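Thank you all for making time for this. Please have the sequence and the coordinates open while I talk, as I will go from the whole chain to a few single residues.

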Amino acid sequence: MTDDAPAPTSCHTPCYVPSVPHQLVGVLLRYHRIRAGLSCLRAGQLAQIAPRRLQDMELARITVSGQTLHALLHAYGAPAQDVQSAIALMPRAGGHRHQISAATLQDSGWVPALKAGARETVILSTGPLTQVVDLAAPGSRVSGSAQHHRRTVLLLHESVLGRAPAEQLASLVRLIASKALTVRLVPAAFVAPAGVLTEWTLTAWSWDGTASEHTRRQLYVTHLPQEAPVGRNGDAAIADRQLVQAAMRRSLPAPASAHHLRQAMQRPRSWASTGGRRSPSNAAADAATARRPA
C-alpha cells in the first residue's frame, strides 16, 4: 500500500503538532493493533507496510488514507462502529487541522483507545459525573499488560458536590481507594464553563522527556451539554491548557479533597442545602479531619 502521503508540516506557519484527526486515528490504530496481539513488525507484514511506516501512522507523523485505515482496522478485527467512526474523521482531515467538532468522539470506542495511549489524563469537570466516571475508570488489560493511562487527576468543581447523586460520588471514592484516580476539588468561586474538559497526554509510547514533546502530544477534548465534542491541540488548545493549569493551581490538595468528597457522599442533603459549602460550626472539625492521613 503506497497511497499514504507525508503529513503536512505547516498550517499558516511552520507547525510540528500533529493534525487532530490524524492524532486520533493514530491512537485508534495502535489500540486495536495491541488488542489483536500484533507487534508493529507482524502487523506490517500482514498489511504489507514497513513497520517504521506503520509506527509513523500511529504517531501521526504521516497521514493515513481511508483505504489504508480501513484495511488495517479490518485486519486488527476492530468493531465496525470504530472503523466507521475513524473513516468519518478522514474527510475532515484536509489540511492541517488543530480543531475539530465531531460527533464520532462520543462513540464508546474512542475512550479506551485514548486511555491506552495516554501517560497522563487530567479531567476538569463541572458535572455531570456519569461521563467523568467512565473517563476515570481504569482501562481493560490487553495482551497481558495494563492498557490504560498511568495517572488520572480529576479537577472537580466544588459546586458538583451539592448536586451529584451519592452513588456517583461513591464511584469516585472507590476509584480513589483503588489508586486509579486522584481527585482535587476546585473552589466554587473558580469560573469554568459547564461540561467536561479532558487533557490527554498521549505519550505512553512516544516520550523523550522534553516539555516540547509533552505539549506536542497533548489533546484536549471538550464535552459541552447538548453539543458535539470538540477536539483541539497545538495553538488552538492554548485556552484549554491555561484553564486546566489555573484550575490545578487553585485546587485543594488530594487528601483534603478526598475527605470532602467522602463527606459529601455521606451527607448529600446537607451539602445540597449549603451549595456544597461547609457550615462555620463544622469547618474547624472538617479541616482537622482532612489533615489526618488518608
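I will begin with the conventions and the overall picture, then turn to helix packing, and end with some backbone details.

What we are looking at is a predicted model, in which local features need pLDDT of at least 70 and side-chain atom pairs count only at pLDDT 80 or more, while totals for chains, interfaces and linings use all residues. Residues are numbered from 1 along each chain as its sequence is written, and side-chain values use heavy atoms, with hydrogens and water left out.

The secondary structure of the protein chain comes to 13 helices and 9 strands, where helices (H or I, at least four residues) and strands (E, at least two) are DSSP runs numbered from the N terminus. Of the 294 residues in the protein chain, 51% are buried; buried here means under 20% relative accessible area, exposed means over 50%, and partly exposed is what lies in between, with a 1.4 Å probe and protein chains only. Taking contact as heavy atoms within 4.5 Å, 76% of the contacts between residues at least 6 apart in sequence join residues at least 24 apart.

Let me turn to helix 1. Its 16 residues should span 22 Å at 1.5 Å a residue, and the end C-alpha atoms are 23 Å apart, which agrees; the expected span is 1.5 Å times one less than the number of residues. Of those 16 residues, 15 are buried, so helix 1 is largely enclosed by the rest of the structure. After helix 1 comes Gly37, whose phi is positive, near 75°.

Which helix does helix 1 pack against at about 25°? The partner is helix 4 (residues 66–75), and the axes of helix 1 (residues 20–35) and helix 4 are 9 Å apart. The axes are lines fitted to C-alpha atoms, for helices over the stretch in contact, and the angles run from 0 to 180 degrees between N-to-C directions. Angles under 35 degrees count as roughly parallel, over 145 as roughly antiparallel, 65 to 115 as roughly perpendicular and the rest as oblique. Helix 1 passes helix 4 in a left-handed crossing, a term that applies if the near helix is turned anticlockwise from the far one by less than a right angle, with right-handed used if clockwise. On the helix 1 side the contact is made by Val25, Leu28, Leu29 and His32, and on the helix 4 side by Leu69, Leu72 and Leu73. By class, this contact of helix 1 with helix 4 has 6 nonpolar, 1 polar and no charged residues, with Ala, Val, Leu, Ile, Met, Phe, Trp, Tyr, Cys and Pro counted as nonpolar, Asp, Glu, Lys and Arg as charged, and the others, Gly among them, as polar.

Helix 4 also has helix 5 (residues 80–89) as a neighbour, and their axes come within 10 Å and cross at roughly 165°. Helix 4 and helix 5 are therefore roughly antiparallel to each other, and helix 4 passes helix 5 in a right-handed crossing. Here Gly66, Leu69, His70 and Leu73 in helix 4 meet Asp82, Val83, Ala86 and Ile87 in helix 5, and these residues divide into 5 nonpolar, 2 polar and 1 charged.

The C-alpha atoms of Leu219 and Asn233, 14 residues apart along the chain, are separated by 5.0 Å.

Finally, the backbone. Most residues other than glycine have a negative phi, and most peptide bonds are trans. Gln48, in the loop between helix 2 (40–47) and helix 3 (51–58), has a positive phi of about 60° although it is not a glycine, and at 67% relative accessibility Gln48 counts as exposed. Lys179, in the loop between helix 8 (166–177) and strand 6 (182–186), has a positive phi of about 65° and counts as exposed at 76%. The peptide bond from Gly127 to Pro128 is cis, with omega near -5°, and Pro128 lies in the loop between strand 2 (120–125) and helix 7 (130–136).
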